Amino acid sequence: MHARTSILLLAIPLMLAGCDSNGKSSESTAIGPEGGTVTVGGASVVIPSGALSEETTIAIEENPSDYPEIPSSIEARGSVWAFLPHDLVFASPVTITVPFTGSATDDLKLFTAAEGGSWAALPGATIQGGAMRARVGHFSPFLPGRGGSDTVTCACQGQPDTEGGFNCV
C-alpha cells in the first residue's frame, strides 16, 4: 500500500510541471543564435538559426494577466497565448502554433493584439490539426477565434523566404 502512495506522490509534481499556481501552462527556455523550440500545452514557437543575435529567454504563457480585453465581436476558440518577451523582433520569421477548441471551420482566425490594444486577424494563418500556425516577425499575444476585425497590416523585419514570404505582426 505504501508503494502506491509513494508513486502517486511522485507523480503529482510531474503532472503539474509547466503549470503555475493557477493551473495555467507556461514554459521558458534560453535560445541563442543557433535557434530552438519552446512548447507548452499545445502552443509552440520554432525559432530558426539566425533569427536571434544573442541568447534570449523565450517564454510561452497561457492566459496571461496582462493581455488586452477581447471585444465582444470575437468569439474566442481557445486560450490567449503570450509569447515573450513582448515585442521581441526577429531577424527572420519564427513559426508560432496555438491550439484551438472545437472544430476547424473556414471562418476560424488567429488574432493578435495589435499596437494600442486592439485585436486583429493575422493574415495567412493556417489550420493544422487542432492548432493555428503562422509565421511572425515579432511576439505579441495570440488568440484563436471567429468574428472580429479585418486583418492587420504590418511591416516586417528581414527578407521574405523561399516558402512564399512570411506573415508578421
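This report walks through a few spots in a predicted model, starting with a group of aromatic rings and moving out to the strands and loops around them.

**The ring cluster**

Let's begin with the aromatic side chains. The structure holds 4 aromatic pairs. Take Phe83 and Phe139 as one example: their planes sit at 45° and their ring centres are 5.8 Å apart, so this pair is called tilted. Phe83 belongs to strand E6 (residues 81–84), while Phe139 is in the loop between E11 and E12, and the pair links distant parts of the chain, 56 residues apart. Both Phe83 and Phe139 are buried.

Step back, and you'll see ring pairs linking Phe83, Phe90, Phe139 and Phe142 into a cluster.

**How hidden are these residues?**

The cut-off to keep in mind is that buried means under 20% relative accessible area, and exposed means over 50%. Here are some residues from this report with their values.

| Residue | Relative accessible area | Class |
|---|---|---|
| Phe139 | 0% | buried |
| Phe90 | 1% | buried |
| Ala121 | 3% | buried |
| Ser140 | 4% | buried |
| Asn63 | 29% | partly exposed |

Strand E4 (residues 56–62) runs antiparallel to E6, and 4 bridges join the two. In that pairing, Glu62 has Trp81 of E6 as its bridge partner. E6 pairs with E12 as well, again in the antiparallel sense, over 2 bridges. There, Ala82 stands opposite Pro141 in E12.

Where does Ser140 sit? You'll find it in the loop between strand E11 (131–138) and strand E12 (141–147). Because its relative accessibility is 4%, Ser140 counts as buried. Its side chain makes a polar contact of 2.6 Å with the side chain of Thr112.

Ala121 lies in strand E9 (residues 119–121). With 3% relative accessibility, Ala121 counts as buried. In sequence, Ala121 and Leu110 are 11 residues apart, yet in space their C-alpha atoms are 5.6 Å apart.

Most residues other than glycine have a negative phi, and most peptide bonds are trans. Two places in this chain are worth a look with that in mind.

Check out the join between Leu84 and Pro85: the peptide bond there is cis, with omega about 5°. Pro85 is in the loop between E6 and E7.

The other place is Asn63, whose phi is near 50°, a positive value in a residue other than glycine. Asn63 lies in the loop between E4 and strand E5 (74–76). Its relative accessible area is 29%, so Asn63 is partly exposed.

Key:
Residues numbered from 1 in each chain as written. Predicted model: local features only at pLDDT ≥ 70, side-chain atom pairs only at ≥ 80, totals over all residues. Heavy atoms only, no water. Buried < 20%, exposed > 50% of the residue type's maximum accessible area, 1.4 Å probe, protein only. Polar contact = N/O pair within 3.5 Å; in protein donor to acceptor, adjacent residues only side chain to side chain. Phe/Tyr/Trp six-rings, centres within 6.5 Å; stacked < 30°, edge-to-face > 60°. Pairing = 2+ DSSP bridges.
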